[in-house]
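Biologist: Thanks for sitting down with me. Could you put the model up so that we can go through it together?

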Amino acid sequence: MTNYGFAVAFFMGNIISWRTLSLIAVVPCVVQLVGLFFIPESPRWLAKVGREKEVQGALQRLRGKKDIADIFQEADDIRGYVAAFGIGMGGIPWVLMSEILPIDVKASGGSIATLTNWSVSWLITYTFNFALEWNPASTFFFFAAMSLVAVFFTWKLVPETRGRTLEEIQQLCS
């Protein structure tokens, strides 16, 4: 959904001004804020506020649902990958686009990088459940290994941009 939102914002930015687009972006935030008041209480929260009688009922309702936590339990609880990817490698394409691409190709290069990133995200999303059914632990080890390859790629091939001007970065990348 995040990628879908990025795509919609990108295309809408060609039609309306950025100020109007910024105001439109407030709408989902308000919807989520209102939605917070309708989120059912979790068993943990009920126990914390002293409503023990309702804890068992909430637990019974949750037992019938396949929860995200079940996926990690099936995969031997390999949560480190998701956390590490989210705070590490997940942002690399966006950093590369903004810091390394020269001004004259930033729009087209950014479009290609974004298309590639979204396409790979779709592929991972599409194949994830198949891989999880095949071997839960191996699925997360595979993704962790791919992130490790990306770390080495970034370490060896991506130039350091800290403390450098845009002109110096362009010279490094040409």
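Biologist: What volume does the second largest pocket have?

Modeller: Keep in mind that this is a predicted model, where local features need pLDDT of at least 70, side-chain atom pairs count only at pLDDT 80 or more, and totals for chains, interfaces and linings use all residues. Residues are numbered from 1 along each chain as its sequence is written, and side-chain values use heavy atoms, with hydrogens and water left out. A pocket here is an open set of points on a 1 Å grid over the protein atoms alone where a 1.4 Å probe fits, with protein on both sides within 12 Å along at least five of seven lines; points are joined across faces, edges and corners, and the volume is the space filled by probe spheres set on them. For the second largest pocket, that volume is about 310 Å³.

Biologist: Which element gives the largest share of the lining of that second largest pocket?

Modeller: Lining residues have an atom within 4 Å of a point, and here they include Phe-6, Phe-10, Trp-94, Ser-111 and Trp-118. Two elements give two or more residues to this lining, helix 1 (2–12) and helix 9 (106–134); helices are DSSP runs of H or I with at least four residues, strands are runs of E with at least two, and both are numbered from the N terminus. The largest share, 6 residues, comes from helix 9.

Biologist: Is Ala-107 buried or exposed?

Modeller: Ala-107 sits in helix 9 and belongs to the pocket lining. Buried means under 20% relative accessible area, exposed over 50%, and partly exposed in between, using a 1.4 Å probe and protein chains only. Because its relative accessible area is 61%, Ala-107 is exposed.

Biologist: And why does Thr-139 count as buried?

Modeller: Thr-139 is part of helix 10. Beyond its neighbours within four places in sequence, it is in contact (heavy atoms within 4.5 Å) with Phe-128, Ala-131 and Leu-132. Thr-139 counts as buried because its relative accessibility is 4%.

Biologist: Which residue's backbone oxygen lies 2.8 Å from a polar atom of the Thr-154 side chain?

Modeller: Thr-154 lies in helix 10 (residues 136–157). Leaving aside neighbours within four places in sequence, Thr-154 is in contact with Met-89 and Ile-92. The backbone oxygen at 2.8 Å belongs to Ala-150.

Biologist: Finally, how many helices does the protein chain have?

Modeller: Buried residues make up 16% of its 174 residues. The chain has 0 strands, and its helices number 11.

Definitions and conventions
A polar contact is a pair of N or O atoms within 3.5 Å; within protein, one must be able to donate a hydrogen and the other to accept it, and residues adjacent in sequence count only if both atoms are side-chain atoms.
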